[in-house]
Amino acid sequence: MLAPNPDLADVASRAEALRAAYRPNRIAVLFVEESAPAGGRFFYAGDSQVHRYLSEAVSPHLPGSGPFLDRFRDAALYLDDLVLTPVNRLAPRDRAARNLAAVPCLAMRLATYRPLAIVGIAKTIAIPLAQARARAGLTCPMHVVSFPGTGQQANFRREIAAILPELLT
């Protein structure tokens, strides 16, 4: 396993501060991605792949005409991470171990959030996300879609489009 990197801790700290500014009072749909990218790009900074493709998919369905992130929050939508420190540069075995180790922490957050639906963004987090959901005692619907990168953008678009009518009613 890689030693902790203070730069990654800074990335995580900045991400959490920014994420907190967009947390709605009540969360209807919780989107969960694996982690913030190690490079510093982040959904709530408006500069990540997830931001680009999720805003493209969801924005036309949100009321209002202001900035996407404000409308996302106002619609009771929220994005959290399975792992609160970047894992995308770890070796696959270490990455999978961190994902599983994050289950109890995510379960505590899920128990606090009590979302009406959960959407995992990356098929690789389906098992730990399901474990966290069960551990939190939630029975809300859970969907998992492809991560919108590495050639999976079309799959992401198709999968999100298929579940949006259920999520945004």
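Before I can say how open Glu 56 is, I need the cut-offs: buried means under 20% relative accessible area, exposed over 50%, and partly exposed in between, using a 1.4 Å probe and protein chains only. With that, Glu 56 comes out partly exposed at a relative accessible area of 38%.

**Ground rules.** I'm working on a predicted model, where local features need pLDDT of at least 70, side-chain atom pairs count only at pLDDT 80 or more, and totals for chains, interfaces and linings use all residues. Numbering starts from 1 along each chain as its sequence is written, and side-chain values use heavy atoms, with hydrogens and water left out.

**Confidence.** I looked up pLDDT, the predictor's confidence in each residue, from 0 to 100. The protein's mean is 91, and 94% of its residues reach 70 or more. Residues 1–6 stay under 50. For that stretch the model has six contacts (heavy atoms within 4.5 Å) beyond four places in sequence.

**Sheet.** I took helices (H or I, at least four residues) and strands (E, at least two) as DSSP runs, numbered from the N terminus. Two strands pair if DSSP finds at least two bridges between them. I get an open sheet of four strands, ordered β2-β1-β3-β4, with parallel pairing. β2 and β4 (142–145) are the edge strands, each pairing on one side only. From one strand to the next the twist averages 20°. I also checked β3 against β4: they pair in the parallel sense over four bridges, and Ile 121 has Val 145 in β4 as its bridge partner.

**Helices on the sheet.** For directions, axes are lines fitted to C-alpha atoms, for helices over the stretch in contact, and angles run from 0 to 180 degrees between N-to-C directions. I find α5 lying across β1, β2 and β3, at about 165° to β2. α6 packs on the sheet too, touching β1, β3 and β4, and its direction makes about 165° with that of β4.

**Core.** I searched for nonpolar cores, meaning sets of buried Ala, Val, Leu, Ile, Met, Phe, Trp, Tyr and Cys residues joined through side-chain atoms within 4.5 Å. The largest has 52 residues, and those with the most contacts inside it include Phe 31, Phe 43 and Ile 160. Among the elements giving two or more residues to this core are β1 (29–33), α2 (49–58), β3 (117–121) and α7 (153–167). I then followed Ile 160: not counting residues up to four places away in sequence, it touches Phe 31, Leu 54, Ala 57, Val 119 and Val 145.

**Salt bridges.** My criterion was a side-chain nitrogen of Lys or Arg within 4 Å of a carboxyl oxygen of Asp or Glu. The whole structure has nine.

- Arg 95 bridges to Glu 34, with the closest N and O atoms 2.5 Å apart. Arg 95 sits in α4 (residues 92–101) and Glu 34 in the loop between β1 and α2, so the pair ties together parts 61 residues apart in sequence. Glu 34 is buried at 9% relative accessible area, whereas Arg 95 is partly exposed at 26%.
- Glu 56 bridges to Arg 157, closest N and O atoms 2.6 Å apart. Glu 56 is in α2 and Arg 157 in α7, so this pair ties together parts 101 residues apart in sequence. Arg 157 is partly exposed at 36%.
- Asp 70 bridges to Arg 73 at 3.5 Å. Both lie in α3, three residues apart, about one turn of the helix.
- Glu 16, Arg 19, Asp 80, Asp 81 and Arg 109 are linked in a salt-bridge network.
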